[in-house]
Amino acid sequence: MKQLLIIDDDAVSVLILKKMLINAGFLDNPMVFKNGNEAINFLNSNYKSIEKYFIFLDINMPIMNGWEFLEEIEPKVNTENFSVYLLTSSTSEQDIIKSKNYKSIKKFISKPVAKEILNEIKEEFYKF
């Protein structure tokens with residue numbers, strides 16, 4: 001089974017990404033969390049190592065940001081089945097370098113997400 005999660009506090013970004021994911025042929029109803037803490041609570045209760053997780057993760061969020069989410073969740077999951085696509089409006093070289101320290105991060109994506117990038121991700125989504 002595949003799980004599709006969006007972790008982002010910006011309602012407009014979430015709305016656009018959801019529509020793009022649905023139009024690109026991903027799951028019809030991705031789960032949405034407004035911060036990393038909400039997503040951690042969900043995953044702590046529902047994570048199954050045999051399932052495939054595709055997560056679109058914003059870096060800058062209140063309560064628990066994307067980096068804090070990764071620090072907490074990565075030791076608990078099978079990074080072979082846990083694909084994180086880091087979404088950000090940041091163009092910081094430091095963020096790009098930092099993203100390489102996490103096994104689960106598959107791609108660093110600048111907002112807004114380009115249709116071509118979603119098509120690449122969709123190929124991986126349907127390979128599993």
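**Close-up views of a predicted model**

**View 1. N78 touches Y47 and S49, with residues up to four places away in sequence not counted.** Contact here means heavy atoms within 4.5 Å. The model is predicted: local features need pLDDT of at least 70, side-chain atom pairs count only at pLDDT 80 or more, and totals for chains, interfaces and linings use all residues. Residues are numbered from 1 along each chain as its sequence is written, and side-chain values use heavy atoms, with hydrogens and water left out. N78 sits in the loop between helix 3 and strand 4; helices (H or I, at least four residues) and strands (E, at least two) are DSSP runs numbered from the N terminus. The C-alpha atoms of N78 and K48 are 9.2 Å apart, although 30 residues separate the two along the chain. With a relative accessible area of 29%, N78 is partly exposed (buried is under 20%, exposed over 50%, partly exposed in between; 1.4 Å probe, protein chains only).

**View 2. The open sheet has 5 strands in the order 2-1-3-4-5, paired in parallel.** Two strands pair if DSSP finds at least two bridges between them. Strand 2 (31-33) and strand 5 (105-110) are at the edges with a single partner strand each, so one side of each lacks a neighbour in the sheet. On average, neighbouring strands are turned by 20° against each other, direction ignored. Axes are lines fitted to C-alpha atoms, for helices over the stretch in contact, and angles run from 0 to 180 degrees between N-to-C directions.

**View 3. Strand 1 (residues 2-7) is joined to strand 2 by 3 bridges.** The two strands run parallel, and L5 stands opposite M31 in strand 2. Helix 1 (residues 11-23) packs on the sheet, where it touches strand 1, strand 2, strand 3 (52-58) and strand 4 (82-88). The direction of helix 1 makes about 155° with that of strand 1.

**View 4. The largest nonpolar core holds 23 residues.** Such a core is a set of buried Ala, Val, Leu, Ile, Met, Phe, Trp, Tyr and Cys residues joined through side-chain atoms within 4.5 Å. I7, L43, I55, L57, F69, L70 and F82 touch the most other members. Two or more residues each come from strand 1, helix 2 (36-46), strand 3, helix 3 (66-73) and strand 4. Leaving aside neighbours within four places in sequence, F82 is in contact with L43, Y47, K52, Y53, I55, F69, I73, V77, S104 and K106. A second, separate core of 16 residues includes L21, A24, F54 and Y85.

**View 5. K111 and P112 are joined by a cis peptide bond.** Omega is about -10°. P112 belongs to the loop between strand 5 and helix 5 (115-127).

**View 6. I63 has a positive phi, near 70°, in a residue other than glycine.** The loop between strand 3 and helix 3 contains I63. I63 is exposed, at a relative accessible area of 69%.

View 7. Along the sequence the pattern is β-α-β-α-β-α-β-α-β-α. The C-alpha trace spans about 35 × 30 × 25 Å along its principal axes. Buried residues make up 45% of the 128 residues. Of the contacts with a separation of 6 or more, 71% are between residues 24 or more positions apart.
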